[in-house]
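Please keep the sequence and the 3D view open as you read.

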Amino acid sequence: MTDRLADHHWGVEIPADAGLLSTVRVRLDEWLVGVGLTEDDRYDLLVAVNEAVSNAVEHAYAPGSGGNVRVAGEVHPDGSVHVVVSDDGTWRVPPVELSDRGRGLLLMRENVDEVQVDRSATGTRVTLVMSGRHTTRGTYGRSAPEEVTVSVHSGWVEVVVRGDIPARAGPAVRRRVLTAARGGAVPIVVDLRELGARSEGLVRALRAVVEAAAAAGNRVVVRAPEDSPVRAALVTAGVDQVVDLVPHVSAPTPRRPPTPPPPPIRTR
């Protein structure tokens, strides 16, 4: 493993071997110190990069097939730091079930300001961006409201949000929904039919969920009644333009069987 270091650029290429993760973290941290990142910012970025590299090592290549993972860092003129993790393998959608697996995208999004995932037949490229004004989000210390419930279906998840979601509850709701959607990688339906009058925190949370889903090639479905305050808030904020906003649909009324036609009249 050889570092490529020049001014504000750094890079390394490693075999897809989990035993090399710690070495990548150490080398990257040394470069981040040199470009002036604070200890807190370095920690957040290292967590995100570690998850991206770990995902590539564990899931990009079939067992026994081998392959390499590339990590490249660059400091932009605006002070932001971009780290790109790429491989030549195949993207695999994480499991829908709410287990400890498949949370890599979630952790990346919780620790940096922007995550871009580009998938193709020749590999996956994950770009992690830490802005020059990055601040620790601090959402891990807060639990999601009890009014947020998650259910797993075949190939997708459903999140039901009830009661008021003021601005201060937004980060916790965002994390709960992103956890359910595996950082946006799993299709998700958000049911707001029982939401209260206060929805500002929910609107903000949905924006983050929509961005995460779009980066992973998914679109969020939101259920909200036609005349509800939350639907009006979503429209005002423009969220209706980036989600599939559907109303509550009542159970269809059973249809009566058609009346059989009269028997034909026979003539002689």
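**A walk through the helices and strands**

Helix α1 (residues 21-34) packs against α2 at an angle of about 145°, and their axes are 10 Å apart. Keep in mind as you look that this is a predicted model. The crossing of α1 past α2 is right-handed. On the α1 side, the residues that meet α2 are Leu21, Arg25, Leu28, Asp29, Leu32 and Val33, and their partners in α2 are Arg42, Leu45, Leu46, Val49, Asn50, Val53 and Ser54. Sorted by class, this contact of α1 with α2 holds eight nonpolar, two polar and three charged residues.

Ser54 sits in helix α2. Is Ser54 buried or exposed? Its relative accessible area is 11%, and because buried means under 20%, Ser54 counts as buried. Ser54 can also be related to a residue elsewhere in the chain: Ala16 is 38 residues away from Ser54 in sequence, and the two C-alpha atoms are 8.8 Å apart in space.

Now turn to the other partner of α2. Helix α2 (residues 39-59) packs with helix α3 (residues 104-111) at an angle of about 160°, with 8 Å between their axes. That angle makes α2 roughly antiparallel to α3, because angles over 145 degrees are counted that way. The α2 and α3 crossing is left-handed. From α2, the contact draws on Asp44, Val47, Ala48, Glu51, Ala52 and Asn55, while α3 contributes Gly104, Leu105, Leu107, Met108 and Asn111. By class, the contact of α2 with α3 is made up of six nonpolar, three polar and two charged residues.

How many residues of α4 (residues 170-180) are buried? Eight of its eleven residues are, so α4 is largely enclosed by the rest of the structure. You can pick out these buried residues of α4 in the view: Gly170, Ala172, Val173, Arg174, Val177, Leu178, Thr179 and Ala180. Their cover includes α3, the strands β7 (148-152), β8 (157-163) and β9 (188-195), and helix α5 (200-215).

Arg176 is also part of helix α4. With a relative accessibility of 31%, Arg176 counts as partly exposed. Arg176 and Ala205 are separated by 29 residues in sequence, and their C-alpha atoms are 9.6 Å apart in space.

The relative accessible area of Val150 is 23%, so Val150 is partly exposed. From Val150 to Val189 the sequence separation is 39 residues, with 10.0 Å between the C-alpha atoms.

Two further residues round out the picture. The first stop is Val84, which is placed in strand β4 (residues 81-87). Val84 counts as buried, at 14% relative accessibility. Which residues does Val84 touch, not counting residues up to four places away in sequence? They are Arg70, Val71, Ala72, Arg125, Val126 and Thr127. For one of these, Arg125, the distance to Val84 is 6.8 Å from C-alpha to C-alpha, while the sequence separation is 41 residues.

The next stop is Arg231, found in helix α6 (residues 229-236). At 12% relative accessibility, Arg231 counts as buried, since the limit for that class is under 20%. Leaving out residues up to four places away in sequence, Arg231 touches Ala224, Pro225, Glu226, Leu245, Val246 and Pro247.

Let's finally step back to the whole chain. The chain has six helices and eleven strands. Of its 268 residues, 43% are buried. Among the contacts in the chain with a separation of 6 or more, 66% are between residues 24 or more positions apart. The accessible surface of the chain comes to about 14700 Å², and 51% of that surface belongs to carbon and sulfur atoms.

Terms used
Residues are numbered from 1 along each chain as its sequence is written. This is a predicted model: local features need pLDDT of at least 70, side-chain atom pairs count only at pLDDT 80 or more; totals for chains, interfaces and linings use all residues. Side-chain values use heavy atoms; hydrogens and water are left out. Axes are lines fitted to C-alpha atoms, for helices over the stretch in contact, and angles run from 0 to 180 degrees between N-to-C directions. Helices (H or I, at least four residues) and strands (E, at least two) are DSSP runs, numbered from the N terminus. Angles under 35 degrees count as roughly parallel, over 145 as roughly antiparallel, 65 to 115 as roughly perpendicular and the rest as oblique. A crossing is left-handed if the near helix is turned anticlockwise from the far one by less than a right angle, and right-handed if clockwise. Contact means heavy atoms within 4.5 Å. Ala, Val, Leu, Ile, Met, Phe, Trp, Tyr, Cys and Pro count as nonpolar, Asp, Glu, Lys and Arg as charged, and the others, Gly among them, as polar. Buried means under 20% relative accessible area, exposed over 50%, partly exposed in between (1.4 Å probe, protein chains only). Accessible areas come from the Shrake-Rupley method with a 1.4 Å probe; for residues, only the protein chains shown count as cover.
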